[in-house]
Amino acid sequence: MGNYNQTSTDFILLGLFPSSRTGLFPFSLIVFIFLMALVGNLSMILLIFLDIRLHKPMYFLLSQLSLMDLNYISTTVPKMAYDFLFANKSISIIGCGIQSFFFLTMAGAEGLLLAAMAYDRYVAICFPLHYPIRISRRVCILMITGSWIMGSINSCAHTTYILSIPYCQSRSINHFFCDVTVMLTIACIDTTVYEYTVFVSTTLFLLLPFIGIAFSYGRVLLAVYCMNSAEGKKKAYSTCSTHLTVVSFYYAPFAYTYLRPRFLRTPTEDKVLAVFYIILTPMLNPIIYSLRNKEVIGALRRVTQRISPVKM
């Protein structure tokens, strides 16, 4: 067991790219994606709030997805940008704990929310007459609240453990945020048991919801195949493909990262995969849902006309 320093409380985030001219282009690209994610998700939240025709369970869930994505990307990218600009990569153990807590909360809550959205589409397409009963406003609120609460409880447990263990003198975290699994590599105690809890959490918040989503869309595709209406088939396929695109970008790299044993993981690969589920997904979600959804485009047109009623 290596020595550890209990007086030093700062960690060093090594970052995603070097703090030099070679890292300027990827840094600028990340900042651009971050700004697009902020504008896109804020616009989606405001659009759903302002247009009464989007006051439906599907869009209520979508507004929560945008809110989670907004918090998700804001938890990591601003700190990474600050570190690059000011060449100050240190972060206190409390700061690391706060960042880890919000990251894990959003990660777990979003995994459950995507499953809730899949269930919503499953009921809407397979049981359209039962939809107002099965997906009532009360049920929708319960699904959203449950996602937030379960994500917070899971996050609190992991963050508490990370803040309570001793760390070695080398406190360099080879990542661009305080990832609990990467922090285990600099711990001065055996964390084998805890690594099993990470595997269990990943299974509960990623693998099981993904199985539920796959089952839901399997039933949806079967129901769509049996439809007589060509227009109905087209609309259903469009909705399903949109959601599956989001799910693929989020679940696949996330699950691949956290379900692998530590000895099979490399820092470079972890960082690249993290870019997908932390940075790219929050930017792509509002774009995918707006460009592939006629109701959202129609709402955007109505809200724009209401704000700027100038006839061209």
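A word on the model comes before the tour. This is a predicted model, in which local features need pLDDT of at least 70 and side-chain atom pairs count only at pLDDT 80 or more, while totals for chains, interfaces and linings use all residues. Residues are numbered from 1 along each chain as its sequence is written, and side-chain values use heavy atoms, with hydrogens and water left out.

Let's start with two helices, α3 (residues 93–126) and α7 (residues 192–225). The helices named here (H or I, at least four residues) and strands (E, at least two) are DSSP runs, numbered from the N terminus. The angle between α3 and α7 is about 15 degrees, and their axes are 9 Å apart. Axes are lines fitted to C-alpha atoms, for helices over the stretch in contact, and angles run from 0 to 180 degrees between N-to-C directions. The pair is therefore roughly parallel; angles under 35 degrees get that label, those over 145 are roughly antiparallel, 65 to 115 roughly perpendicular, and the rest oblique. The crossing of α3 and α7 is left-handed, a term used if the near helix is turned anticlockwise from the far one by less than a right angle, with right-handed used if clockwise.

Which residues meet where α3 and α7 pack? On the α3 side they include Gly 108, Gly 111, Leu 112, Ala 115 and Tyr 119, and on the α7 side they include Leu 204, Phe 205, Pro 209, Ile 213 and Tyr 217. Contact here means heavy atoms within 4.5 Å. By class, the α3–α7 contact has 16 nonpolar, three polar and two charged residues. In this scheme Ala, Val, Leu, Ile, Met, Phe, Trp, Tyr, Cys and Pro count as nonpolar, Asp, Glu, Lys and Arg as charged, and the others, Gly among them, as polar.

Now for a second pair of helices. Helix α1 (residues 24–50) packs with helix α10 (residues 294–307) at an angle of about 80 degrees, and their axes are 10 Å apart. That angle makes α1 roughly perpendicular to α10. From α1, Met 44, Leu 47 and Leu 50 meet Val 296, Ala 299, Leu 300, Val 303 and Arg 306 in α10. The residues of this contact divide into seven nonpolar, no polar and one charged.

Next come the charged pairs. A salt bridge is a side-chain nitrogen of Lys or Arg within 4 Å of a carboxyl oxygen of Asp or Glu, and by this rule the count comes to eight. Take Arg 260, whose side chain meets that of Glu 269 in a salt bridge (2.7 Å, N to O). Arg 260 is buried, with a relative accessible area of 13%, whereas Glu 269 is partly exposed at 30%. Buried means under 20% relative accessible area, exposed over 50%, and partly exposed in between (1.4 Å probe, protein chains only). Arg 260 also forms a salt bridge with Asp 270 (3.2 Å, N to O). This pair links distant parts of the chain, 10 residues apart: Asp 270 is in helix α9 (residues 267–291), and Arg 260 is in the loop between α8 (230–258) and α9. Asp 270 meets Arg 265 in a salt bridge as well (2.9 Å, N to O), and both of those residues are buried. Through shared partners, salt bridges join Arg 260, Arg 265, Glu 269 and Asp 270 into one network.

Finally, let's visit some single residues. Not counting residues up to four places away in sequence, Ser 100 touches Ser 155, Thr 159, Cys 178 and Val 180.

Val 198 is found in helix α7 and is buried, with a relative accessible area of 9%. Leaving aside neighbours within four places in sequence, Val 198 is in contact with His 158, Thr 181 and Tyr 258. The C-alpha atoms of Val 198 and Val 180 are separated by 9.0 Å, and these residues are 18 residues apart along the chain.

Asp 190 sits in the loop between α6 (180–183) and α7 and is exposed, with a relative accessible area of 64%. Ala 87 lies in the loop between α2 (57–86) and β2 (90–92) and is exposed, at 62%. Phi of Ala 87 is near 50 degrees, a positive value in a residue other than glycine.
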